[in-house]
Amino acid sequence: MKKTVIIFILTALLFTMFACCEKESPAAYLPSIRYGNVPLDSYPVLIWSGNGPADAGGPGAEHTPEELISLYYDSIPKTQIGNGAITLKNGSDKNAVFTISFIGVYTKNGEKTDYGEADLSVLPDGSYIICVKTTKSLSGGVDESNYLFAEVLKNND
């Protein structure tokens, strides 16, 4: 009798493990500017948010990135970096679609430089503010849009 009960419990456990389990989804992460595949600290500025009658613009809707750098410079986190790859990474989540797009590389005074996205990993020594635009969509339309600002203090030595 004991063997039958043990076999029954083990069989039920085995079926439960495989029949009722949902595949584990990959870990969710937000779009980011990365250095060596690690997200840089960044400062988000809301451009637009909403989905329907509660749509609203944020400070980013009324200002250019140059103006936002002047307004929020003290809040933009700074990261010391060296000779590593700087990349943009889209976010991932099973309930939302994220995108990230390059806006520009700026000086601390808010002046746009000639450096493009392809130049991020080979910037010369100095201080630069990288600006990207991120969007988040839950229902097929854009539900949120932000600028992300990250300052890098580049030292190639």
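Residues are numbered from 1 along each chain as its sequence is written. In this predicted model, local features need pLDDT of at least 70 and side-chain atom pairs count only at pLDDT 80 or more, while totals for chains, interfaces and linings use all residues; side-chain values use heavy atoms, without hydrogens and water.

**Exercise 1.** Work out the strand order of the open sheet, then the facing of strand E6.

Solution. 
- Strands are DSSP runs (E, at least two residues), numbered from the N terminus. Two strands pair if DSSP finds at least two bridges between them.
- The order is E2-E1-E6, with antiparallel pairing.
- E2 (38–39) and E6 are the edge strands, each pairing on one side only.
- Four bridges join E1 (residues 32–35) to E6. Arginine 34 sits opposite threonine 87 in E6.
- Side chains alternate along E6 (residues 86–89).

**Exercise 2.** Find which residues touch the most other members of the largest nonpolar core.

Solution. 
- A nonpolar core is a set of buried Ala, Val, Leu, Ile, Met, Phe, Trp, Tyr and Cys residues joined through side-chain atoms within 4.5 Å.
- The largest has 15 residues. Ile33, Ile86, Leu88, Leu120, Ile130, Val132 and Val152 touch the most other members.
- E6, E7 (97–106), E8 (126–137) and E9 (144–154) each supply at least two residues of this core.
- Another core, of eleven residues, lies apart from it; Leu68 and Phe149 are among them.

Notes: Buried < 20%, exposed > 50% of the residue type's maximum accessible area, 1.4 Å probe, protein only.
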